[in-house]
Amino acid sequence: PSVASRIPLFIVMRALGLESDKQIVEAITWDPEIEVELLPSLEAASDVQTVEDALDYIGGKIIFGQPRQRRIERAELVLDKYFLPHLGTRPEDRIKKAYFLGQMAEKLLELVLGRRKPDDKDHYANKRLRLAGDLLASLFRVIFKRFCQDLQYQLEKIWDTGRAVYIENIVRADLITERLRHALATGNWTGGKVGVSQLLDRTNYLSTLSHLRRVVSPLSRSQPHFEARDLHATQWGRICPNESPEGPNCGLVKNLALMARITVGVDETEIESKLYEIGVVPIQKARKEEREKPEHERRRRPKVFLNGRLIGVHDDPHFLVNYIREERRKGRINPEVNVAYIETEYIKEIYINCDGGRIVRPLIVVKDGKPLVASEHVEKLRRGEWTWNDFIERGLIEYLDPMEEENAYIAINPEDLTPEHTHLEIMPTTILGVCAAIIPYAEHNQSPRNSYEAAMAKQALGFPCANMLLRMDSRGHFLHYPQRPLAQTKLLDLIGYNDRPAGQNMVVAVLTLTGYNIEDALVFSKSAVDRGLARSTFFRTYEAEERKYPGGEEDRIERPSPNVRGYRAGEVYRHLGEDGIVEVEARVRGGDVLIGRTSPPRFMGEYREFEVPGRVRRETSLDMRHGESGIVDAVLITETGEGNRLVKVRVRDLRVPELGDKFASRHGQKGVIGLLLPHEDLPFTEEGIVPDLIINPHAFPSRMTMGQLLESMAGKVAALKGEYVDSTTFYGTNERQLREELKKLGFQPSGCEVMYDGVTGEMYKVPIFIGIVYYQKLHHMVADKMHARARGPVQILTRQPTEGRAREGGLRFGEMERDCLVAHGAAALLKDRLLEESDRTTVYICENCGLVAYYDAISDKYKCPLCEEKAKVAQVTMSYAFKLLLQELMSLGIYPKLKVG
Ligand SMILES: [Zn+2]
């Protein structure tokens, strides 16, 4: 770093304090074959022979034309502070750095000689996750450095003036706080990272959990990065295989699996000294010993790496590795320490890792083909005598990082165990993340369907928190009657979904019926909806602050009086109370003022020309969003950190399911309501059961969501028996058992039933598949999207109608629609849409020179900027955007000439 050009390896090594060629070669290798490969490098640096010269050489590359002493000092500084700083920043650490560099060189040469394969950068042993603490630390480091620089600058400035130094005056007390706050508020971190801090997703409890376990790759989303997006074998049990967004971020944004944990890091020095005690020969000593032996007696002794740094050798790798593992299981070494021994024809390396950021996962330790965790242990856990930590402390379960997992032989099921196995999976279902964990029978679904569901589970309305009456979230949804799914998975309890569910069990029949469920639409029972099915409430909080301005002026929350500038029709203020705030339980709609507020004029001289003398206040009231309506739910009056009065108003809106609202089962089967059919028109079974929802049979063959069919049967069994059915992925009650249960309950084992047409009362010719499926109401609702406009606001710049629902915009008449009219020759309609109903303006054009002319009110004449009063001016109707184009061309120095007539 800070050196622009390349520096020969041997010079860097020498500058790091290795005087002789022999020492340098020792730091790299003891292998004669590799030594030979080093010869060219050695020659390249042959003219620099002492440490001083090497430093001088490097210094010369950094700063030119300085005296030798300065150059050496500078080179030392760079080597200490910026070169491999994770190994230390003191002069004593240079030897460590030399050996690290030597190891890099040896590894590279081994690759060239074909003794080693290139590292797999997608292997999780080569990846580290950064957590909040880590990120905050690096942010603080940068801010603190800048703070010190600022302090130094201030000190120097004061010193120059010769005044006394008062530390209180020069330290900017809020600088660090402010910078930290800014980074957290914007998500812009040091090193150009963006989106580090995000607004926590509170759609439902699951989306919050999932958001907190998200893993974001720094790779750019615009490049393909196929390998990085693919599932890697080492993601097993660490990263959810299903939960990842579709589109540009696919495979780059991931989610932790249920049991995965991230290491926080253990002090490395402690581990290092322990290793030396166990018999690791420090690398410098080891290399010297080998060197003294004749070439043919040299052996390749197993290298020991601690956190990627070569620290020494050990003659009995199996002993060392087993010793560390045993000590860890006995609790004498931190459970975060992982060790792996990699042996190939040429390579014998022991890797010991104790750094933070590795994803580790727990596994049951197996000895002689028997798992250490026995049923009595589980019994103790069940009785509450033991906790998870007891299993870790006793070495029954241990956390493995991806590197150590390379040494492990893991059985998935206890019955597969053989004496060779080292570990046993605790529960294979936990390879899933929180969102995929709620899917019943996920193993029966086509994989993409599970990914869709993992994405949709985050949009389901539910019960995000229990203190909603006290909260003032900027917006939120609540489902009125959330239910636990009848088809349970074991993981629902573990993640707390059963306490905060996000959906309802619905009686679902599979048939086309009216045909209003084509293309994934759903036919809902209107009566079920009237009884409260899938009913929810939407909350939005509005807030206004009384800001203070310089000069003693301040905002006032009050009913604006009619002489305030910008006063609107009295109608919109009708709900305001005496204090200028809406009354609770008032029914409000878009445009109504919720908090009345007036502010001082922006500039002292503002409006003076036109208005009566005296200071006029502006109206800056806060009004309800366009297109929304609701009932004022709560008003909160408080103070901001600066002591300004702050008013928050929460508005609630009841959402009864209506045509177009979106629903989804837990199998990626989404759809919108196509028809609300009254109870009496719906089909019924022999027992009089009427479905809540009717899904089209075409939803199944191509999607292959067998899980939903099984869930339907499981739900039916559960409802009939009055107990939950376990549908955990890989473990759930299987199809055969479900069929038997149904049979025992007196139903068709297939899940089908004879049904009757609700309108005619005739029996259907085929039995209909009917059961209970857990459906989620997603937060895409028609009430939030429905939009139309006749007249409304226009953009100031182009005078065209605004865009988007939030701005009360028009519906876009795009280029494809335009082409359509052109093709039909519908010229009048085209003109009407694109000109008359858009940005039509009248512009005066000078017939003489073709420039835009203007009307001079003083002399009551049309004038041209070139021809002045002689101009013959014509009125031309054109698009305002075109007028803008003419003027922009003029600003570029181009003369756009319009020929009139
Ligand atoms: Zn002219």
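Helices (H or I, at least four residues) and strands (E, at least two) are taken here as DSSP runs, numbered from the N terminus. The structure is a predicted model, so to speak only of what it shows: local features need pLDDT of at least 70, side-chain atom pairs count only at pLDDT 80 or more, and totals for chains, interfaces and linings use all residues. A search of the whole structure turns up eight of 30 Å³ or more. On a 1 Å grid over the protein atoms alone, a cavity is a set of points where a 1.4 Å probe fits but cannot get out, and lining residues have an atom within 4 Å of a point. Grid points are joined across faces, edges and corners, and a volume is the space filled by probe spheres set on the points.

The largest cavity holds about 130 Å³, and its lining includes Arg-202, Met-468, Asp-473 and Phe-539. Strand 14 (475–479) and strand 18 (536–545) are the elements that give two or more residues to this lining, with strand 14 giving the most, at three. The lining splits into five nonpolar, two polar and five charged residues (Ala, Val, Leu, Ile, Met, Phe, Trp, Tyr, Cys and Pro count as nonpolar, Asp, Glu, Lys and Arg as charged, and the others, Gly among them, as polar).

About 90 Å³ lies in the second largest cavity. Of its 14 lining residues, Glu-106, Glu-110, Arg-300, Lys-303 and Tyr-346 are the closest to the centre. By class, 10 are charged, four nonpolar and none polar.

Notes: Residues are numbered from 1 along each chain as its sequence is written. Side-chain values use heavy atoms; hydrogens and water are left out. On a 1 Å grid over the protein atoms alone, a cavity is a set of points where a 1.4 Å probe fits but cannot get out, and a pocket is an open set with protein on both sides within 12 Å along at least five of seven lines; lining residues have an atom within 4 Å of a point.
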